[in-house]
Amino acid sequence: MMMGFKNSVFGSCLMLIAFTCWINAKSIEAFGTFGFDIHHRYSDTVKEFLNLDGLPEKGTVDYYTAMAHRDQLLQGRRLATSTTPTVTFYGVSGNQTYNVRALSNLHYSLITVGTPALFFLVALDSGSDLFWLPCDCITCARNFNISDGKKFELNIYSPSNSTTSSPLPCNSTLCGPTRACLTRSNTCAYQEVYGASSSTGILVDDVLHLGTNTNPQDIVDVSVTFGCGKNQTGYFLESGGGINGVFGLGMGGISVPSILASKSVTANSFSMCFAESSGRIEFGDKGSADQKTTPFNLQKSNPTYNITVTQVAVGNNVTDLEFTAVFDSGSAFTHLNEPAYSFIANNFISQITETPYKFPYEVIFEYCYALSATQDSYITPNLTFTMKGESQFYVTTPTFNVIRADGGQGYCLAIVKSQGINIIGQNFMTGYRLVFDRDEMVLGWKESDCYDSISTESPPKRNPTGSPPPPTRSRLPQLPPPPPATTTIGTTTSDVSSMTSGLVVVILAVFFHSLIVL
C-alpha cells in the first residue's frame, strides 16, 4: 500500500511538473512583479492535462449552461465573508492562470504551499476573502475521473506533514468575532458558505511560495493564514469549481492580498488579466497611468469590489440606466437584474439579423441564434458600460459560440437574468487587465492580451475619436463537419495542433525530470 501511494504521488508530481513546464513555455516574458498564470477550468490546456471524460463538449449549450448553473448555485455565498515590488506564484507556471473548462469555466492558478511544498490547482475568486485548501479531509474531492477508468489524484494538505504549519490561535486578530473557537486546542475554526456549497475546518498559518515576476524568479516565501478544509459540500465534491481549493481575493483582512500588504510585501493592490483560455495574476500591481478607473462603492460591513454603472449603450441605443454590480472572478457569466437585463437583451435582439434558435430542451440563456452553413463570422452590436467617473468599459465578448442540437453552429447572448445581485463575471472581463487597487479604492482596466508588459505601448484604441465603436465581428472556430447524431463535435484543428505540441513538451519534461531524479 505504501509503495502504491508513493508511486501515485510521484506520478502526480511528474504530471504537475510537466504541465507547468508546458504552460510556462508559452509565456516567458517577465514583468518584474509577483504573479502567476491563471487557467480556466474548462480550458483545453487543463482538460488535456487532466484528460477528463464525461464533461460537456466545449461549444455546446450544455457546456455553457453548466457554467451558468454553477454561478447561480454559488451566488448565494457570503460576498465579502508604490515602492514595493509585485509578486506572483512561484514555480515554472509563474504568473500564468488557466481557464479550466472541466471545473466550472473558472480561472485557476497552480500554487505551492507548505514545507515540503505541495501543488494545488485553486480557483481564483474575487468575490470571497478566505483562501482554503482540502485538508485532512472527512469529505472532499480526492481525484478527477480520467480516461480508461483511471483517476488523477489531487493533493490534500495536512498540517502534520508540513514543518512550517501551525494552527491559528483563537486570540489572533484574524480569527475575529465571526469565527468559532475550538477551546480544547485553542484553534480558530471557520465555515464558508457559497450558496449550495460550503467548506468547514480550522485556520492555519503556513508558507505560500511566491516569487518575483521576473525570469528567473527570486523566491519570496510568505506565511499566510488559510483554511484547512476538513469538510466540503456541494460543488466542491463534484467536478465543479474549486474542488482543490479556493483562493479568496476579497477585501477582508484574511485574504492573501490583504496579508501581503499588511506585511509590506506588496502594495495593497493586485491585477488579474483574462484571455480566452489563460491569463495572469500579479500581487502589488497598481496598473498603468493610462488605465481607466472607477471608484469602489464601500460598505462598512462585507466590502466587495462593487462599482456603479451610470449608462448602458447597445450599439447606438443609449440609456441613463444606473445600477451597481460586483466584479467577481468566481462567476463564469455576467448576471444582471431588471431593468438592465431587458434593456440590453431587447436592444441586442433588435439589431441581430440571424434567425432566433430554440434548443429542444430548456437552457438558461434566453437569446440564441442560428448561423447558416456558409457563415464563418457574425456581427453583433457593441455593449458599453459607462462607469461612475465617466470612463467607458467596452464588453469585448457579449456573446459565445455554440453548437446547435442539429450539429450546426450558432451563438447566444452571454447574460443570465439574475435573481439576486448584479455580477460582472469573467466573460465580460475577457480582454482586459483589471486592477483591484485597494489603496486608492478604485477598479482599473486596460485592454490587454495578457502577454503585453505594462511598460509597453498601449494597444490601438478601439474608440480613438470618442464616437461609438463599430459593431463587433465574431469569428467562428474551424470546426470539423458535423458528426453523426450519436457523437459530439470534436476538437478544432487548432486545438489538435496545440495538443500535439503540448504532449511533446510533456514527454520531454518527464524525461528530463527522470534524469534529474536518477
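Okay, a definition before anything else: two rings of Phe, Tyr or Trp pair up if their centres lie within 6.5 Å. This is a predicted model, by the way, and by that rule it holds 23 aromatic pairs.

Let me take one of them. Phe 131 and Phe 226 sit 5.1 Å apart, centre to centre, with 35 degrees between the planes, and that makes the pair tilted. Phe 131 is in strand β6 and Phe 226 in strand β13, so we're looking at a link between distant parts of the chain, 95 residues apart. Both Phe 131 and Phe 226 are buried. They also belong to a cluster, where ring pairs link them with Tyr 157, Phe 247 and Phe 283.

Now compare Tyr 378 and Tyr 411. Why is this pair called stacked? Well, the ring centres are 3.8 Å apart and the planes are at 5 degrees, and planes under 30 degrees apart count as stacked. This pair links distant parts of the chain too: Tyr 378 is in strand β24, Tyr 411 is in strand β28, and 33 residues separate them. Tyr 378 and Tyr 411 are both buried.

One more ring before we move on. Arg 404 lies over the face of Tyr 357, 5.7 Å from the ring centre.

Okay, disulfides. There are six in the structure. Counting bonded cysteines along the chain, the pattern goes 1-8, 2-3, 4-6, 5-7, 9-12, 10-11.

I'll start with Cys 170 and Cys 181, whose sulfur atoms are 1.9 Å apart. The torsion about their S-S bond is about 90 degrees, so this disulfide is right-handed. Cys 170 is in the loop between β9 and β10, and Cys 181 is in strand β10 itself, so the bond ties together parts 11 residues apart in sequence. Buried or exposed? Cys 170 is buried, at 17% relative accessible area, while Cys 181 is partly exposed, at 38%.

That loop between β9 and β10 also holds Cys 175, which is tied to Cys 188 in strand β11, 13 residues away in sequence. Here the sulfur atoms are 2.2 Å apart, and the link is right-handed, with 90 degrees about the S-S bond. Cys 175 and Cys 188 are both buried.

Last one: Cys 368 is joined to Cys 412, S to S 2.0 Å. It's right-handed as well, with 105 degrees about the S-S bond. Cys 368 lies in strand β23 and Cys 412 in strand β28, so parts 44 residues apart in sequence get tied together. Cys 368 is buried at 4% relative accessible area, and Cys 412 is buried at 0%.

Notes: Residues numbered from 1 in each chain as written. Predicted model: local features only at pLDDT ≥ 70, side-chain atom pairs only at ≥ 80, totals over all residues. Heavy atoms only, no water. Phe/Tyr/Trp six-rings, centres within 6.5 Å; stacked < 30°, edge-to-face > 60°. Helix = DSSP H or I, 4+ residues; strand = E, 2+ residues; numbered from the N terminus. Buried < 20%, exposed > 50% of the residue type's maximum accessible area, 1.4 Å probe, protein only. Lys NZ or Arg CZ within 6 Å of the ring centre and 35° of its normal. Disulfide = S-S within 2.5 Å.
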